[in-house]
Amino acid sequence: MNMLEKLRRFMEGRYGFDSLGRFLFGVSLVFWLIAGLLRFTPFRRAHFVFWLLNLLLYGFAVYRMLSRDIGRRQLENERYLVRRQRVLPFLERLKRNRSGDPGYFFKNCPNCGAKLRLRRIRGRHRSRCPKCGKAFSVLVVFGQK
Ligand SMILES: [Zn+2]
């Protein structure tokens with residue numbers, strides 16, 4: 001019996017990997033990296049907290065994979081997917097706001113606060129807010145010439 005066959009036998013009747021599992025492993029990896037970085041700083045307590053969180057998440061992820069209570073694990077995964085469905089559009093919006101069309105960027109008018117869509121042309125420019133009519137200067141560091 002080779003290793004793969006052994007593993008297959010072992011996993012028989014157990015839940016295995018899913019979206020929530022991937023998420024848990026991912027977050028625990030991030031915590032592990034943060035804990036590793038904090039190790040060399042005076043923030044001993046923060047290091048301990050991240051290390052503990054990493055361990056808990058990792059432990060929960062492994063526990064779910066090996067669990068035989070498949071119905072319950074599926075329910076957890078579905079709950080996770082529903083939550084993710086709610087958060088994703090919000091993240092998408094943030095991303096679009098930041099980049100979106102690379103030829104433009106958003107800035108609030110320094111006078112009235114209106115959200116303005118400005119062309120991304122490198123250099124310092126004078127611009128006029130179409131809402132309140134006030135002129136202001138804009139500095140674009142990264143943009144077309
Ligand atoms: Zn304005």
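## Contacts of Phe31

Beyond its neighbours within four places in sequence, Phe31 is in contact with Phe50, Leu53, Asn54 and Leu57; two residues are in contact if their C-beta atoms, placed from the backbone, lie within 7 Å. The model is predicted, so local features need a pLDDT of at least 70 and side-chain atom pairs count only at pLDDT 80 or more, while totals for chains, interfaces and linings use all residues. Residues are numbered from 1 along each chain as its sequence is written.

## The nonpolar core

Phe31 also belongs to the largest nonpolar core, together with Leu20, Leu24, Phe50, Leu57 and Ala61. Two or more residues of this core come from each of α2 (19–38) and α3 (44–66). A nonpolar core is a set of buried Ala, Val, Leu, Ile, Met, Phe, Trp, Tyr and Cys residues joined through C-beta atoms within 7 Å. A residue is buried if 20 or more other C-beta atoms lie within 10 Å of its own. Buried residues account for 8% of the 145 residues in the protein.

## Overall form

From the N terminus on, the elements follow the order α-α-α-α-β-β-β-β, where helices (H or I, at least four residues) and strands (E, at least two) are DSSP runs. The radius of gyration, taken over C-alpha atoms, is 25 Å, well over the 15 Å that the globule rule gives for 145 residues, so the protein is more spread out than a compact globule. That rule is 2.2 Å times the number of residues to the power 0.38.

## Confidence

The protein averages a pLDDT (the predictor's confidence in each residue, from 0 to 100) of 90. Confidence is highest in α2, at a mean of 96, and lowest in helix α4 (residues 70–98), at 85.

How values were computed:
Buried ≥ 20, exposed ≤ 12 C-beta atoms within 10 Å, placed from the backbone.
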